[in-house]
Amino acid sequence: MTNTIEIQRVKESKITSIDFDNLPFGSVYSDHMLTCDYIDGKWQAPKIEPFAPISLNPSAKIFHYGQSIFEGMKAYKDADGNTLLFRPLENCKRLNKSAERLVIPQIPEDIFMEGLKQLLKVDNDFIPTKEGSSLYIRPFMFASGNGFHASPADAYKFIICTAPSGAYFAGKVKVLIEEKYARAANGGVGFAKAGGNYAAQFYPTQLAIEKGYNQVIWTDDNTHQFIEEAGAMNIFVRINDTLITSPTSDRILDGITRKSILQIAEDNGIQTEVRKISVGEVVEAAKDGSLKEMFGAGTAAVISPIAGFGYQENDFDLPVLENPYAAQLKKLITDIQTNKTEDPYGWRVLVK
């Protein structure tokens, strides 16, 4: 695969214009991107080319029927300057799981992995070294074939773009438990990283922001009595000394950070439970003081602590702990990601 990737380099790099000490998240881009087209029933040879706009026909089905999926990943530099990935094969598997649900052809693992590694080598200098920063990686696929008829496209495009980025969230967030809108439904595409899932979140989230909250806690589509996700992240709730998260389903994303946290927590003596979490249970725990922590978990933020939540016109503040699970677990997982500690799980991948 490495011999078949054509590389077209930029004439002049923009790296000197980037302030690596003050990076926003996901809005400063590296010089190159990987592209690969699915045409005539097969994936063509991938290529690396300058990051630039792409041209599509107005009848391209992505605009009309929303066949679009993506992943989120990060690359890190360790103290010796080595480039590292975290569980990248899990991202490839999940992208293909999303692809199957949206009738998009699955991307071969060698194109995904070798293409990504070659792209990281080409843009190696864009990987930040400042503590808390990383190179955010966005693999995505969409329907590029044309036609107004409602059916799967006959052509698709796979792209990987990267963005040197700082922290996703600054500080803790205040959330609103949603009582009307649902992120996903049984039998739907909630488990997939489909673009439409996120577009549908924007309106309820905006309503929550207008009420003074930062994000929405999603509840089940049927009764709105069970907590499922936190914004675009999986959610963890700590009641007394037990860390609880909702089980994955048609509605809940199988988060890579989520399952890594569960493994690390168990191996470090933190009791975990994977089960349904009722809104009533959380509210009562907040009232009697047994609710110690809530946090979101995902690639971008890793762990995002929740400072308080609103429900039925009432606000509940969470206690400020001296050594919260959120901080402990974030350090344990980021130390593995950045090669500051041993990796007993084989999750860390060196880009050679």
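V302 is a buried residue, at a relative accessible area of 5%; buried means under 20%, exposed over 50%, and partly exposed in between, with a 1.4 Å probe and protein chains only. V302 sits in strand β18, residues 302-311. Helices here are DSSP runs of H or I with at least four residues, strands are runs of E with at least two, and both are numbered from the N terminus.

A word on what you are looking at, everyone. This is a predicted model, where local features need pLDDT of at least 70 and side-chain atom pairs count only at pLDDT 80 or more, while totals for chains, interfaces and linings use all residues. Residues are numbered from 1 along each chain as its sequence is written, and side-chain values use heavy atoms, with hydrogens and water left out.

Now, please find Q312. Its phi is also positive, about 50°, and Q312 is not a glycine. Q312 belongs to the loop between β18 and β19, the latter being 314-317. Is Q312 buried, exposed or partly exposed? Q312 is partly exposed, with a relative accessible area of 45%.

Let's go to the nonpolar cores. By that I mean a set of buried Ala, Val, Leu, Ile, Met, Phe, Trp, Tyr and Cys residues joined through side-chain atoms within 4.5 Å. The largest one has 37 residues, and W43, F112, M141 and F158 have the most contacts inside it. At least two residues of this core come from each of β2 (32-39), β6 (73-77), α2 (88-101), α3 (109-122), β8 (134-143) and β9 (156-165). Which element gives the largest share? That is α3, with 7 residues. Another core lies apart from this one, with 22 residues, among them I244, I277, F309 and L318.

Stay with M141 for a moment. Leaving out residues up to four places away in sequence, the residues that M141 touches include W43, I69, L95, I107, K157 and F158; a contact is a pair of heavy atoms within 4.5 Å. Over in strand β8 we also have S134, which counts as buried at 2% relative accessibility.

On to charges. The whole structure has 17 salt bridges, each a side-chain nitrogen of Lys or Arg within 4 Å of a carboxyl oxygen of Asp or Glu. One of them joins D37 and K157, with the closest N and O atoms 2.8 Å apart. D37 is in strand β2 and K157 in strand β9, so this pair ties together parts 120 residues apart in sequence. K157 is buried, at 14% relative accessible area.

Next, E281 and R275 meet through their side chains in a salt bridge of 2.8 Å, N to O. E281 is partly exposed at 26%, and R275 is partly exposed at 27%.

Then there is K287 with E284, a salt bridge of 3.9 Å, N to O. Why are K287 and E284 separated by about one helical turn? Because they are 3 residues apart in helix α6, residues 279-288. K287 is exposed at 57%, whereas E284 is partly exposed at 46%.

To finish, have a look at E90, K93, D254 and K259, which are linked in a network of salt bridges.
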